[in-house]
Each structure stands twice: as structure tokens, then as C-alpha cells.
Amino acid sequence: MKQLFGVALLLFATLSLWNSIADFWAAYRTRVIPATVLASKLRIDWGRADSESQETPLYTLSVDLKSDDGSARTFSWEGDPGAAVYPEEALDELKAWGTGTKHNIGVLRGNAKEIRINQMESNPEIGKGVAWLFGFFVAGITGIASLSAANFQLSAHPRLAFLKGFGVWTVFLAFGLMPLLGSFAFAWGMSEKIATWKPVIARKVGESAAFDTSKSVPNVEVTLIAMKQLTEHPYDRIEFDWNGQKLHGGIGSWQGIYDHGTLTTGNEYRFLISPRDRWEIAQKLSWGEDFGVPFGLLLFFGLAFTGAAFGVRRMERRFH
């Protein structure tokens, strides 16, 4: 039974690796085209997002676009306005995607109607690729360990001769490769952050107050329950400059990105922000605490398990 279980896990690991490569390849081949917004609207509702523990505003941004690559194709997109939590943040996105504005959108090859907007959503193909890659490592490690524990007799199964070189050492190697490869991916991403993210000083605007639902905003629909709830939750407003734009944010009880990612000094809020994505911010970034410590730990465990793998491999060869 352990033998069949181990083989099944290795087959699943192979499938996971194939799916991971396919998803990463699809993301790599996504074609970027220019497009103009034909119409956009924002809907404000109220409820509880799947990952939240309290009810907050729920936003839906709908955008109709026309390609500017000569094909005049039209697209429709609907989703969250980035990581907006407070109304002013969502209204910023509605303005950024207002009628007549121009943007670059991603189009999946082989599915001309499936578009990706990186500024407002995580790439699903990248997310699935990472998940499948994790499944490959977990299933592969477990499968190899299961076969080793069962003392699998490869000589009785010639079709599985390719497993002859596998043993306990591959379990150590797999455990070492995960943090080792992760350390280089982390180093690349974090070093870019530290080198390119810019400091920002945001200033508080006015006094703490609830969102004014008595004034209608063009292309904005507010449901009755949202209208009632918004009037019962006051919060602070901030504004700051980013890439030539005047952006807004909220600070209150809804756990938005500025509730956690800012350092407060009186009426000023300081943070670092990505030059490409307004929703990526951090209180601070340093080469020591934010880069050196996690990179060093990942590298240490990666090298330790990888080194142990080759040590166990030598021992297995000696006794066989």
C-alpha cells in the first residue's frame, strides 16, 4: 500500500510540475496592448469579505475598454478597485479609470476576451503556478519518503527503474531546494523594493468624519445598506503625491493598508511606496532587518539541508 501511495504521489508531483510550468508560461506569454476606457462605474455595497473578520464596504469597479492596437476590440472587466477599503481610495481608482483614460492591459493568448489588469488584481496565472509548484515539492517529498519507508523493490518493477537513484537523500535535497531557491527569489524582490521604493509624507485632511452620502457622485452607485452603514463609521482622511497624482486614503477601523503601513507624527503619515503600484507600501525597509535576516535564514536552512542530502547520498552508496 505504501508503495502504491508513494508512486501515486510522484505521479501527482509530475502533474503539479506540468501545470505549474503551463501557468507560468501563460503568464509569460500574456500580450500587453494599449486601450482606452469607454465607460466605468463604481458600486459601493456593504458586507464581509471572505478574509475579513468585520463588515466593511464592498466595492465593484466595472470598466469597458477599446483596444488601441488597430483591431478596435472591446473588453469588459469587473472586479475590486485595487486594495481600496475607504471610499476615497475607491474613488481614486474610478477617476484613474475614467472615460477617455488610456491604459495598458494584458490579454491571454488563445483567449482574446480574458484580460488582466495588473494595477488592480494579482495575476491568477502566477498565483496558480506558485500553488502548483508548492504541490510539486510537497507531493514529491512525501512520495519519495513513502517509497523509502516501504523499502521499495525496484528490481521487481522495471518500468520504475528511473526511481533507482531516489532515496532518503532526495527528501533532504527537496527540503533544501525550497528555502535555497526561495532565498534568491526573496533577495531579488526585496533588494528591488529597498532600492526603488520612495518615501512619502501624507497629510491629514480635515477632521474625522463619516463619508458624506448626501452628495451624489457621477458613475457611483451606493446601496441602501452601504448608505446607512457609511454614515455610522467616521475615519480620518489623508492625501499624498504619487507619480504626479494626488491620491487619497483613509485611516480608521476598517484595517486598510494605511492603517498598518504608516508611521504617524502628528498630522503627518510617513511610509514607503512602490513606484509602480500605489497599493504596495511599507512603514520602513532596511538592508539589515528586512533583507539580511530573512535572506540569511533561508540561505542557511537551504545550504544545511542540501549539504545533508549529499552526505546521506554518500552513505547510501557506501552501504549499497
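1. Gln-255 is partly exposed, with a relative accessible area of 38%; here buried means under 20%, exposed over 50% and partly exposed in between, with a 1.4 Å probe and protein chains only. Gln-255 is located in the loop between S9 and helix H6 (257-260), where helices (H or I, at least four residues) and strands (E, at least two) are DSSP runs numbered from the N terminus. Although Gln-255 is not a glycine, its phi is positive, at about 60°. Asn-243, in the loop between strand S8 (235-242) and strand S9 (245-251), likewise is a residue other than glycine with a positive phi, near 50°.

2. On the basis of the note: this is a predicted model, in which local features need pLDDT of at least 70 and side-chain atom pairs count only at pLDDT 80 or more, while totals for chains, interfaces and linings use all residues. Residues are numbered from 1 along each chain as its sequence is written, and side-chain values use heavy atoms, with hydrogens and water left out.

3. Strand S1 pairs with several partners; two strands pair if DSSP finds at least two bridges between them. S1 and S2 run antiparallel and are joined by 12 bridges, with Ser-40 opposite Val-63 in S2. S1 also pairs with S4 in the antiparallel sense, over 6 bridges, and Ile-33 has Ile-105 in S4 as its bridge partner. With strand S7 (residues 220-222), S1 pairs in the parallel sense over 3 bridges; there Ile-44 is partnered by Val-222.

4. S2 and S3 are antiparallel and joined by 6 bridges, with Val-63 opposite Trp-77 in S3. The two strands form a hairpin with 6 residues between them, and Gly-70 in the turn has a positive phi of about 100°.

5. Thr-30 is found in the loop between H1 and S1 and is buried, with a relative accessible area of 17%. Neighbours within four places in sequence aside, Thr-30 is in contact with Gly-106, Val-107 and Leu-108, contact meaning heavy atoms within 4.5 Å.

6. Leu-17, Ile-21, Phe-24, Ile-126, Val-130 and Leu-133 make a nonpolar surface patch of about 450 Å². The elements giving two or more residues to the patch are helix H1 (2-28) and helix H3 (124-149). Patches are made of residues with over 30% relative accessible area and no salt bridge, like charges being joined within 9 Å and nonpolar side chains (Val, Leu, Ile, Met, Phe, Trp, Tyr) within 5 Å. A salt bridge is a side-chain nitrogen of Lys or Arg within 4 Å of a carboxyl oxygen of Asp or Glu. Accessible areas come from the Shrake-Rupley method with a 1.4 Å probe; for residues, only the protein chains shown count as cover. Leu-133, in helix H3, counts as partly exposed at 31% relative accessibility.
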